[in-house]
Amino acid sequence: QVQLVESGGGSVQAGGSLRLSCAASGYTADRYCLGWFRQAPGKEREGVAAISTNAGATYYADSVKGRFTISRDNLKNTLHLQMNSLKPEDTAMYYCAAVLRTFCGSLSWRLKDEYNHWGQGTQVTVST
C-alpha cells in the first residue's frame, strides 16, 4: 500500500520561501513518477511540478518556472519542492502524487487523473 505524507507547509509573506517534503512508503521508489499538485479554493487541482524516476527529467508549470525546484531522494523515499519568491497566488493546498511509471511524460505529468496515489495535502498561505 503506497502512502504519501506531506509536510512543510505554512504561512509566509510574499517573496519568502518554503520547502515541502513528501515521505513515501509501501513502494519501490525508482519505479514511480512523482508530482506536486495544488488546489486553491474554488479552483481545479493543477499540476505544479513532476520528476521522473531517476530525476533525469523534471517538469514545471509555467507559473512556477524559475521559482520552484522539485527533487527526489530514492534512497530516503522522499520528494521535495523548494519554493522561492512565493506569491499570494501560490496560496493553495499542496499535494504530492505518485504513479507507477518510469517517465512522467511531457504532457501527461500535469494531468491529475494520471496519478493513482495521493497524500492528504499541506497548506501553503502567502500573504502580501
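I take two strands as paired if DSSP finds at least two bridges between them. Strands are DSSP runs (E, at least two residues), and they are numbered from the N terminus.

I am working on a predicted model, where local features need pLDDT of at least 70, side-chain atom pairs count only at pLDDT 80 or more, and totals for chains, interfaces and linings use all residues. Residues are numbered from 1 along each chain as its sequence is written, and side-chain values use heavy atoms, with hydrogens and water left out.

**Strand β4**

Leu34 has Ile51 of β5 as its bridge partner. I then looked up β9 (92-100). This strand is joined to β4 by 8 bridges, again antiparallel. Here I found Gln39 opposite Met93.

**Positive phi**

I checked the β4 and β5 hairpin next. It has 6 residues between the strands, and Gly42 there takes a positive phi near 80°.

Which residue other than glycine has a phi near 55°? That is Asn77. I place Asn77 in the loop between β7 (68-73) and β8 (78-83). Asn77 counts as partly exposed because its relative accessibility is 21%.

Ser85 is not a glycine either, yet its phi is positive at about 50°. I find Ser85 in the loop between β8 and β9. Its relative accessibility is 41%, so Ser85 counts as partly exposed.

Notes. Helix = DSSP H or I, 4+ residues; strand = E, 2+ residues; numbered from the N terminus. Buried < 20%, exposed > 50% of the residue type's maximum accessible area, 1.4 Å probe, protein only.
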